[in-house]
Amino acid sequence: MADSALVLDGVERHYKQGESTLTILRGASLTLWPGQSVALVAPSGAGKSTLLHMAGLLERPDKGEVMIGDEPTAAMNDSARTAMRRTRIGFVYQAHHLLAEFSALENVMMPQMINGLTRPEATKRATELLAYLGLGQRVSHRPAELSGGEQQRVAIARAVANAPGLLLADEPTGNLDPKTADHVFETLTTLVKATGLAALIATHNLDLAARMDRRVTLADGVVVEMG
Ligand code: ADP
Ligand code: MG
């Protein structure tokens with residue numbers, strides 16, 4: 001069978017709150033396959049961001065395993081986890097987090113150059129990606145000179161600049177009007193299909209979630225399929 005893009009196996013996460021312990025994830029399990037887009041739909045406070053932080057190796061589970069492309073990460077040291085995060089995982093947040101003083105093109109080039117690509121190589125790939133996402137006429141614009149939807153599409157281009165196998169998005173259209181949100185989602189799902197990337201996208205928007213391959217929710221700290 002093909003390698004999985006992401007496996008969460010019995011992931012637990014607890015937060016100490018003074019005397020008591022707050023359990024957010026109590027054995028969350030989930031498998032994503034390449035080319036699959038999965039919506040994570042759950043109320044605020046249910047633990048969506050916590051789960052994405054585990055999947056993205058930004059935090060360590062208290063118990064359980066996280067596998068990226070079939071590789072277990074629980075026993076890895078921090079530098080191995082960081083290397084894996086940089087090369088294999090892309091992130092998109094609610095706010096675009098683009099660097100204000102740099103152009104769209106430079107923002108997309110940055111992670112590639114950090115990863116060791118030469119400037120011409122990074123320029124070529126960033127230009128192609130932005131054109132693919134419908135931003136061919138916006139490459140030299142700075143973030144402030146772009147609309148909200150364009151900023152998020154640049155953020156998506158940046159997230160996939162190093163061709164990760166896994167894209168994690170935390171309410172990526174939460175700040176956008178419905179029509180723009182729709183367009184950004186379309187861009188995301190098209191990209192997933194075209195590249196074989198797997199995407200896990202936290203969203204409140206059920207209409208958008210309905211267009212993805214699969215929907216899951218969090219109930220009492222475990223992942224439940226919504227069908
Ligand atoms: P969601 O993204 O679904 O809104 P979160 O994963 O952000 O939910 O948070 C889930 C719960 O965990 C919330 O009740 C939140 O207050 C709590 N929480 C998140 N991070 C921490 C932390 N670092 N310390 C204590 N509690 C936290
Ligand atoms: Mg959240």
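Four strands build an open sheet with antiparallel pairing, in the order 2-1-4-5; strands here are DSSP E runs of at least two residues and helices are H or I runs of at least four, numbered from the N terminus, and two strands pair if DSSP finds at least two bridges between them. The edges of this sheet are strand 2 (20-32) and strand 5 (71-72), each pairing on one side only. Strand 4 (residues 63-68) runs antiparallel to strand 5 and is joined to it by 2 bridges, with Pro-72 of strand 5 as the bridge partner of Met-67. Helix 1 (residues 48-55) lies across strand 1 (6-17), strand 2 and strand 4, at about 125 degrees to strand 1. Such angles run from 0 to 180 degrees between N-to-C directions, with axes fitted to C-alpha atoms, for helices over the stretch in contact; contact means heavy atoms within 4.5 Å.

The model is predicted, so local features need pLDDT of at least 70 and side-chain atom pairs count only at pLDDT 80 or more, while totals for chains, interfaces and linings use all residues. Residues are numbered from 1 along each chain as its sequence is written, chains are lettered from A and ligands numbered from 1 in the order in which they are written, and side-chain values use heavy atoms, leaving out hydrogens and water.

A further open sheet has 6 strands in the order 6-7-8-3-9-10, with mixed pairing. Strand 6 (89-92) and strand 10 (222-225) are its edge strands, each pairing on one side only. On average, neighbouring strands of this sheet are turned by 25 degrees against each other, direction ignored. Helix 5 (residues 148-159) packs on the sheet and touches strand 6 and strand 7 (166-170), its direction making about 165 degrees with that of strand 6. Helix 6 (residues 178-195) lies across strand 3 (37-40), strand 7 and strand 8 (198-202), at about 155 degrees to strand 8. Strand 9 (residues 214-219) pairs with strand 10 in the antiparallel sense over 4 bridges, and Leu-218 stands opposite Val-223 of strand 10.

A nonpolar core is a set of buried Ala, Val, Leu, Ile, Met, Phe, Trp, Tyr and Cys residues joined through side-chain atoms within 4.5 Å; buried means under 20% relative accessible area, exposed over 50% and partly exposed in between, with a 1.4 Å probe and protein chains only.

The structure holds 1 aromatic pair. Phe-91 and Tyr-93 are stacked, at 6.0 Å centre to centre and 5 degrees between the planes; rings of Phe, Tyr and Trp (its six-membered ring) pair if their centres lie within 6.5 Å, and planes under 30 degrees apart count as stacked, over 60 as edge-to-face and the rest as tilted. Phe-91 is buried at 17% relative accessible area, whereas Tyr-93 is partly exposed at 31%.
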